[in-house]
Amino acid sequence: MSEVRVRFAPSPTGFFHIGSARTALFNWLYARHTGGRFILRIEDTDKERNTEEALRVLIDGMRWLGLDWDEGPEVGGDYGPYFQSERQKIYDEYLQRLVGAGRTYEKDGAIWFQLEGERYTEYDDYKKAEIEKVRAAPVVIDDAVRGRVERAEERDFVLVRADGSPVFHFVNVVDDIAMGITHVIRGEDHLSNTSKHVELFRALEVEPPIFAHIPLILKESGPGKMSKRDAGALIDNYEERGFLPAAVRNYIALLGWNPKDDREKLDIDEIIDLFDFPGINKGNARFDERKLSALNAEYLRELNLESFAFLVRPRLHLAGLVAEDVDEDYLQAVLRLCQPKARSLDDLAELCDYFFSDTYTMDAKQGEKLEKKGDPKALLGEILPLLEALDSFDAGSLQSMLEAHAVVKEQKIFAYFPALRYAVSGRAGGPDLLPLLAVLGSDRVLARIQAFIA
RNA sequence: GUCCCGUUCGUCUAGCCAGGUCUAGGACACCGGGUUUUCAUCCCGGCAACAGGGGUUCGAAUCCCCUACGGGAUGCCA
């Protein structure tokens with residue numbers, strides 16, 4: 001059998017949304033699974049959009065998700081050009097074949113495709129008009145996901161607009177033929193269009209590819225499929241918010257596909273290995289950002305400290321917390337404490353700002369709570385001189401010092417913890433206190449306690 | 001309106017093709033408990049579904065039909 005050739009054929013609209021990304025991913029996975037080729041073809045026939053910038057969004061999004069293409073923009077290939085705007089000659093050629101076969105006619109300045117079959121007119125309730133229909137033989141496809149699907153096309157359709165530009169259905173089929181596409185993996189919204197496409201394949205005397213129509217991603221709440229405007233729909237948004245591409249990729253792979261066992265967190269090689277049409281669901285899937293976040297948090301926790309620091313540094317810099325030349329040892333010491341607490345990269349700056357700045361906010365509510373339980377200033381007043389006298393400011397020394405003091409006061413060591421934490425961080429939760437103090441260092445800790453007591 | 005596709009916990013899904021092992025499994029979310037100085041993590045437990053009706057069968061989540069509901073298509077958009 002010849003090599004598998006699949007394609008992702010987006011139109012650069014300036015958005016790269018999660019549904020497109022999932023279609024791209026499924027095509028990519030199938031190519032990688034079968035050892036075939038993944039082709040990126042740009043359907044940029046709409047001249048009005050800023051294709052340069054829009055293309056960037058698409059390409060950046062693909063790269064971010066790690067979906068590399070074997071043929072297409074920036075990499076070339078033997079079946080180019082890979083922009084529809086540059087393939088006019090090819091469309092003309094194929095159009096001539098249809099004209100030669102007597103399957104076209106002109107009407108209102110446009111070129112139409114003529115179906116074969118008995119013609120009749122009928123009132124169409126949707127069009128609210130009397131229109132010509134054709135009793136064409138039903139097209140039967142053996143869809144790799146949905147099985148046998150039969151549908152008859154009943155109206156002629158436009159191939160080339162009055163302004164001379166070819167329409168989607170036509171160029172799509174021509175390009176798939178010219179590029180030797182063997183499998184068309186696309187959203188279910190194209191299932192009804194497939195009868196048009198198969199009619200064209202037949203008229204051009206080409207065996208149609210194998211179709212695999214994948215379920216749609218429905219919006220998180222409300223009716224309908226996900227669109228650009230829905231929350232969480234855009235891929236670049238996840239990049240901005242500090243989601244890990246591996247997590248996003250893993251999550252969208254699970255939207256409409258699953259490995260048939262109970263595993264959900266899978267690395268990409270496993271997904272490639274397991275991915276195939278029988279694992280694809282028929283029913284549409286509803287997007288759930290909480291599940292994505294949970295998966296992302298899981299990936300985040302598994303990162304080694306160096307990688308984690310690498311990802312976090314620019315975000316802290318952006319938040320104005322660290323300089324470009326931040327001390328790497330200090331940064332890593334902080335992150336060693338904060339990484340286990342992080343649920344996303346996005347909230348990390350908030351989580352650990354007090355390590356880098358003295359202008360962190362004091363949580364007033366927690367302050368009140370603390371007051372009710374005891375006198376934090378008095379407690380801190382007791383241990384401040386001891387802290388000042390400490391010659392080694394590490395977790396072990398802090399612990400022995402506090403324990404010794406607690407014994408004298410007939411207290412538990414933990415009696416001092418909440419006040420200490422609040423004074424140095426302004427909040428009630430966070431990393432383990434003693435290591436936190438050690439990393440923060442005696443200068444900062446003492447200054448903050450003094451300020452708190454004053 | 002017509003045509004096409006679908007329907008298992010709130011959500012993603014396993015099971016369906018090859019009917020019995022399903023008192024329907026896992027995950028997210030939620031709720032409780034444990035661990036922890038705290039928060040997060042982690043561990044334990046709980047909640048919760050075969051859309052409805054008819055068949056076929058000794059037996060149906062699984063096969064067939066109908067209905068309902070959901071989604072899509074019906075553009076000189078892609």
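Me: Is Cys 338 buried or exposed?
Reply: Buried means under 20% relative accessible area, exposed over 50%, and partly exposed in between, with a 1.4 Å probe on protein chains only. Cys 338 has a relative accessible area of 0%, so Cys 338 is buried.

Me: What kind of model is this?
Reply: Residues are numbered from 1 along each chain as its sequence is written, while chains are lettered from A and ligands numbered from 1 in the order in which they are written. Side-chain values use heavy atoms, without hydrogens and water; local features need pLDDT of at least 70, side-chain atom pairs need pLDDT 80 or more, totals for chains, interfaces and linings use all residues, and the model is predicted.

Me: How many disulfides are there?
Reply: A disulfide is a pair of cysteine sulfur atoms within 2.5 Å. By this rule the count is zero.

Me: How far from Cys 338 is the nearest cysteine sulfur?
Reply: Cys 338 is in no disulfide. Its nearest cysteine sulfur belongs to Cys 352. Cys 352 is buried too, with a relative accessible area of 0%. The distance from Cys 338 to that sulfur is 4.5 Å.

Me: Where does Lys 133 sit?
Reply: Helices (H or I, at least four residues) and strands (E, at least two) are DSSP runs, numbered from the N terminus. Lys 133 has a relative accessible area of 5%, so Lys 133 is buried. Its place is in residues 129-135, strand E6.

Me: Which side chain makes a polar contact with the side chain of Lys 133?
Reply: Contact means heavy atoms within 4.5 Å. Setting aside residues up to four places away in sequence, Lys 133 touches several residues, among them Glu 118, Asp 124 and Glu 154. A polar contact is a pair of N or O atoms within 3.5 Å; within protein, one must be able to donate a hydrogen and the other to accept it, and residues adjacent in sequence count only if both atoms are side-chain atoms. At 2.9 Å, the partner of Lys 133 is Glu 122.

Me: How many residues surround RNA strand B?
Reply: A residue is near a strand if one of its heavy atoms lies within 4 Å of it. The closest here are Arg 161, Asn 258, Glu 264, Lys 341 and Leu 433. Of the RNA atoms within 4 Å of the protein, sugar and phosphate make up 66%. The count of surrounding residues is 60.

Me: Which residue has a backbone N or O atom 3.1 Å from a phosphate oxygen of RNA strand B?
Reply: Side chains reach the RNA as well. An N or O atom in the side chain of Arg 146 is 2.7 Å from a sugar or linking oxygen, and one in the side chain of Arg 290 is 2.9 Å from such an oxygen. The backbone atom that lies 3.1 Å from a phosphate oxygen belongs to Gly 224.

Me: Which element gives the largest share of the surface near RNA strand B?
Reply: Elements giving two or more residues include strand E8 (147-151), helix H4 (168-178) and helix H9 (289-302). The largest share is four residues, and it comes from H9.

Me: How many charged residues are in the surface near RNA strand B?
Reply: Ala, Val, Leu, Ile, Met, Phe, Trp, Tyr, Cys and Pro count as nonpolar, Asp, Glu, Lys and Arg as charged, and the others, Gly among them, as polar. The surface has 19 nonpolar and 14 polar residues. Its charged residues number 27.

Me: How far apart are the C-alpha centres of domain 1 and domain 3?
Reply: Domain bounds come from an automatic or database domain assignment. Chain A has domain 1 (87-214), domain 2 (303-355) and domain 3 (364-453). The centres of domain 1 and domain 3 are separated by 75 Å.

Me: Is the peptide bond from Gly 80 to Pro 81 cis or trans?
Reply: Pro 81 lies in the loop between helix H2 (51-64) and helix H3 (88-100). Omega for the bond is near -5°, and the bond is cis.

Me: What is phi of Asp 108?
Reply: Asp 108 lies in the loop between strand E3 (104-107) and E4. Its relative accessible area is 67%, so Asp 108 is exposed. Phi is positive, in a residue other than glycine, and is near 55°.

Me: Which backbone nitrogen lies 3.2 Å from a polar atom of the side chain of Ser 344?
Reply: Ser 344 is in the loop between helix H11 (328-338) and helix H12 (348-352). Its relative accessibility is 13%, so Ser 344 counts as buried. The backbone nitrogen of Asp 347 lies 3.4 Å from a polar atom of its side chain. The one at 3.2 Å belongs to Asp 346.
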